[in-house]
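Keep the model open as you read.

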Amino acid sequence: MGRAFVYVILGGGVAAGYAAHEFVKRGVSHGELCIISEEPVAPYERPALSKGYLLPEDPARLPAFHCCVGTNEERLTPKWYKEHGIELVLGTRVKSADMRRKTLLTATGETITYKILIVATGARALKLEEFGVSGSDADGVCYLRDLADANRLVNVMQSSSGGNAVVIGGGYIGMECAASLVISNINVTMVFPEAHCMARLFTPKIASYYEEFYKSKGVQFVKGTVLTSFDFDSDQKVTAVNLRDGTKLPADMVIVGIGIRPNTSLFEGQLTLEKGGIKVNGRMQSSNSSVYAVGDVATFPVKIFSETRRLEHVDSARKAARHAVAAIIEPEKTTEFDYLPFFYSRVFTLSWQFYGDNTGDVVHFGDFSGNRFGAYWVNKGQVVGSFLEGGTKEEYEAIAKITRLKPAIEDLADLEKQGLGFALTLSRIPEPSEEAVVVSSGSGSTLVMEKPLHAWHATAGVILAASIAAFAYWYGRRRRRW
């Protein structure tokens, strides 16, 4: 018993939805595409789970956040998939995959064959047991990775209003869930081993701003230590957490956000793995030419930094999915994926965006006592990363553009002085390419953009041609008058 498709997407997260949308845009025929997902619902925008889904008033619920509303495009409901002849195989786990025979075997015993496979299996939440701590399945202990986790978390939050929550982990999940807990009138203590929150991305100065803001909302921080055990009541409901430094924290509920691990087990020994994920080329194609990988599970070349990386963010998943489909349908017209790493978050009244890489010297700017500030990262004399809190659409676009340009910086003090103005000014200059351009910063120092100038030359040529034509027209009219 089995079914056969031209294209199969394995996984039902964000990447699957955006890949399906791209297939339809590029004319996939009815019956050619299948999506296999362990979740019982069509692909949805996963970021909603740690944001709007947890709100106590007017919370986000499906079908409101099915893909592709995250990029202000149409919402792909189950009806949309049916209308476009896409088979949704939901609530189904694939227990084995044979890359040579191009077959997938489901837990129910069905064999599904493909010509082209897109692996979008994402990642799973790391469990406490992997660090020697038991109690993940206890009443009141929650994780957040999928819709089932979110529903369980909402129920626990509703029964814990006015009580105490301990958040284990100071990354994305920890910070965003902590904000939702505060809004739901729950006392929050965050625990993590690092010196400050968002340690993989934030500088100490940036982290301090957000920690102080959270403290103003009543959140407490316990840093430099980890969870070692739980206390439970007679019903095996959590009542407290015990930390390595000897601290005991009362807890009506616990949220654990300590990282993720890519779901690659089906492909070990069959596909080349690197940096925890499936290694792909600039077309998102794996070591098996019939298999592509996108999203959290893929390790791909980041051209701007000339190295391969595995990125854990929805923006990367969306864009990589679309690129993979383009490479499958029109390989001769598809160039290599040229992605600028991008991360963002919105909590309380705060909203920040980060582009590029956080390596090298850090130059902070703006008003850290207010609500608009940022930073540049300068590595080997070039801007390689930028961060901005409280920006406008134009300002976020400006820091993204200059990060991709990687302008050379000669004076860090001057860059600090110019602050956001540096990005705004430079972003309005037409992009150069191939030759070095020296641009005055307006304060005595200069920056050098080592990029080609073909576009600038073309623009200059058009201006020159137009000027000559205008002069010829004027001269001809003048001669007739003479």
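Buried here means under 20% relative accessible area, exposed means over 50%, and partly exposed lies in between, with a 1.4 Å probe and protein chains only. Helices (H or I, at least four residues) and strands (E, at least two) are DSSP runs, numbered from the N terminus. This is a predicted model, so local features need pLDDT of at least 70 and side-chain atom pairs count only at pLDDT 80 or more, while totals for chains, interfaces and linings use all residues. Residues are numbered from 1 along each chain as its sequence is written, and side-chain values use heavy atoms, with hydrogens and water left out.

Start with helix 9, residues 420–427. Six of its eight residues are buried, so helix 9 is largely enclosed by the rest of the structure. The buried ones are Leu 420, Phe 422, Ala 423, Leu 424, Leu 426 and Ser 427.

Next, the cores. A nonpolar core is a set of buried Ala, Val, Leu, Ile, Met, Phe, Trp, Tyr and Cys residues joined through side-chain atoms within 4.5 Å. In soluble globular proteins, nonpolar side chains tend to be buried together. The largest core here has 137 residues. Those with the most contacts inside it are Leu 117, Met 190, Phe 202, Tyr 210, Tyr 214, Phe 267 and Met 284. Apart from it lies another core of 19 residues, including Phe 230 and Leu 249.

Look at Tyr 214. Contact means heavy atoms within 4.5 Å. Leaving out residues up to four places away in sequence, Tyr 214 touches Met 175, Glu 176, Ala 178, Ala 179, Met 190, Val 219, Phe 221, Val 347 and Phe 348.

Tyr 214 also lines the largest cavity. A cavity is a set of points, on a 1 Å grid over the protein atoms alone, where a 1.4 Å probe fits but cannot get out; lining residues have an atom within 4 Å of a point. Grid points are joined across faces, edges and corners, and a volume is the space filled by probe spheres set on the points. There are two cavities of 30 Å³ or more. The largest holds about 70 Å³. Among its lining residues are Tyr 172, Met 198, Phe 202, Tyr 210 and Trp 352. Helix 4 (172–183), helix 5 (204–216) and strand 24 (342–347) each give two or more residues to this lining. Helix 4 gives the most, with three.

Now the charges. A salt bridge is a side-chain nitrogen of Lys or Arg within 4 Å of a carboxyl oxygen of Asp or Glu. The whole structure has 29 of them. Which residue does Arg 145 meet in a salt bridge? The partner is Asp 296, at 2.8 Å, N to O. This pair links distant parts of the chain, 151 residues apart. Arg 145 sits in the loop between strand 10 (141–142) and helix 3, and Asp 296 in the loop between strand 21 (291–293) and strand 22 (298–302). Asp 296 counts as buried because its relative accessibility is 11%. Salt bridges that share partners also join Glu 22, Lys 25, Arg 26, Glu 73, Arg 322, Glu 330 and Lys 333 into one network.

Two more pairs are worth a look. Arg 46 bridges to Glu 39, with the closest N and O atoms 3.4 Å apart. Arg 46 is partly exposed, at 22%, whereas Glu 39 is buried, at 10%. Arg 101 bridges to Asp 98 at 3.0 Å between the closest N and O atoms. Arg 101 is exposed, at 54%.

Methods:
On a 1 Å grid over the protein atoms alone, a cavity is a set of points where a 1.4 Å probe fits but cannot get out, and a pocket is an open set with protein on both sides within 12 Å along at least five of seven lines; lining residues have an atom within 4 Å of a point.
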